[in-house]
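The entries follow the order in which I looked things up.

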Amino acid sequence: MTIFDKFRGIEHRLEELKALGGRNPFDVVIERPLSSTAGIIEGRETLLFGTNNYLGLSQSPRAIEAACETVRARGVGTTGSRIANGTQSLHQQLERRIADFFGQTHCMVFSTGYQANLGMISTLAGKEDYLLLDADSHASIYDASRLGHAQVIRFRHNDPEDLHKRLRRLDGTPGSKLVVVEGVYSMTGNVVPMAEMAAVKRETGATLLVDEAHSFGVLGSTGRGVAEAAGVEKDVDFIVGTFSKSLGTVGGYCVSNHPELDLVRLHCRPYMFTASLPPEVVAATIAALEDMQAHPELRSRLIDNAARFHAGLNTLGLTTGKTVSPVVAVVLDTIPEAIALWNRLLTLGLYVNLSLPPATPDHHPLLRCSVMATHTPDQIDRAIEIFSEAVNSLKTEALPT
C-alpha cells in the first residue's frame, strides 16, 4: 500500500470520463485569449461561456495599464504576509476603496476569494459556536467549517423557514450563531431570498455573513450585490467576495461596520500565514473597480445578455434554473449524456464548464454556463445555435452507458 492508493478511485473515474468523450474535461487549456469573450482552445477560436468574467474586465485597458506601470515601479511581489512585510500603501488604498464602495467602515483584503471565506468563517465561528450553512454552500464555506471546528447545522437550500426553525431550536444554548448564505449560488445561478434571510436574522439575533462572490458587480443599483438589491445591507454583518469574477483579477475581501474586524487580522490564519497580493494585481483591481463604477451600463447589458441566453436555451427544450442570472446551468439526466454534450460543444467552438456529482445539487450533472456583459448579441445567438447543433447531432447517436 502507498500514500497514493487513496487516489486510485478518482484515477479510474477520470479514465472513464476520458473514454466517454476523448478528453480530460478538467484539463482544458486556453492557449491564448483573443478577448474577454473568445480564445484559442485546441487550435480553434472558441467562444468562452465558462469563465465567470461577468463584466469582461479581465481585459480592461485601464487595469492592464495600471498593472504595467505598477510592476515597473514596485516589482512583482511582496514576499510577505500582511502582518509582516506584505502591506504596502496600495493594499491599504484598495481596502479603503472597497469599504467606501460598500458604504462600510472596515475592510480586509485576502490573497484569494477562497481564503476570504476560509479565513473569515473559521475565525468568526469557533468550536463553541454554531455555523448554519445553506446546503448548497460553496466548498470554501464547508472547508472553513472544518478549520474553525464550529458545530455545523445545514438548512435547506434557499429556505428561510427551515433556517428560522433550526435557529429557534438553539434558543438558550451558549455560543454564537453565524448564518452563511451566498448571493448567487455558483453552481446553479439561484439567487438567495435575501430579504427573508435578513428577517430571520433580525428575529433570532444571529450574525449574518453573505458571500457576494457571484453577485458583486452584477446585482444592486450600484453593483454591491444581492443585499443591496434587496434593500437589507444594514442587516448584514459581514460581506465576503472575490475580485476574480466581476473585476477580472484575483483576491478576496471582507467588509463590515464592526470595528472588531481589525482584530480579526490577528486571529485569522489564512490571512496571517500567506503572502499578500502582488502590487500589480492590487493596482489592476483598483483600476477595474473604477471601470465598473464608471460604466453602470455593463450591469444592465449583462442581465440582458443572461436573459437572452437563458430564454434561448429554454426554447431548445433544455432544462435550466428558473432564475435569470449570469450563471445559467443546463441540467442533464446522466453523466454520459453530459460528457457527450460537453465534448460536442467544445468541438463546435463553445467552451462551458462541466460539473458532475457529487459536486452538484440533487446529483444531476450540469453544464454550467456564465454570461458576460461583453458578449455581443451575435455571440449569444451563436452559442445557442451551437447548443442546438450539438443536441441534434447527439440525438442520432447511441450514447455509451
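I counted a residue as buried when its relative accessible area was under 20% and as exposed when it was over 50%. The model I worked from is predicted.

Entry 1, helix 2. I looked up which residues of helix 2 are buried and found Ala63, Ala66, Ala67 and Thr70. These residues cover an arc of only 100° around the axis, so they lie on the same side of helix 2. On the other side of helix 2, I noted Pro61 and Arg72 as exposed. I then asked what covers the buried residues of helix 2. The cover includes helix 3 (89–102) and helix 11 (279–294).

I checked the span of helix 2, residues 61–74: at 1.5 Å a residue, its 14 residues should span 20 Å, and the end C-alpha atoms are 20 Å apart, which agrees. Just after helix 2, I recorded a positive phi of about 90° at Gly75.

I noted a volume of about 900 Å³ for the largest pocket. It is lined by 46 residues, and those closest to its centre are Asn52, His138, Ser186, His214 and Lys245.

Which element supplies the largest share of the lining of the largest pocket? I found that helix 5 does, with five residues. Helix 4 (113–124), helix 5 (139–148) and strand 9 (238–242) each supply at least two residues of this lining. Sorted by class, the lining holds 23 polar, 16 nonpolar and seven charged residues.

Notes: Residues numbered from 1 in each chain as written. Predicted model: local features only at pLDDT ≥ 70, side-chain atom pairs only at ≥ 80, totals over all residues. Heavy atoms only, no water. Helix = DSSP H or I, 4+ residues; strand = E, 2+ residues; numbered from the N terminus. Expected span 1.5 Å × (residues − 1). Buried < 20%, exposed > 50% of the residue type's maximum accessible area, 1.4 Å probe, protein only. Arc of directions from axis to C-beta. Contact = heavy atoms within 4.5 Å. 1 Å grid on protein atoms, 1.4 Å probe; cavity = no way out; pocket = protein on both sides within 12 Å on 5 of 7 lines; lining within 4 Å. Points joined across faces, edges and corners; volume = space filled by probe spheres on them. Nonpolar A, V, L, I, M, F, W, Y, C, P; charged D, E, K, R; others polar.
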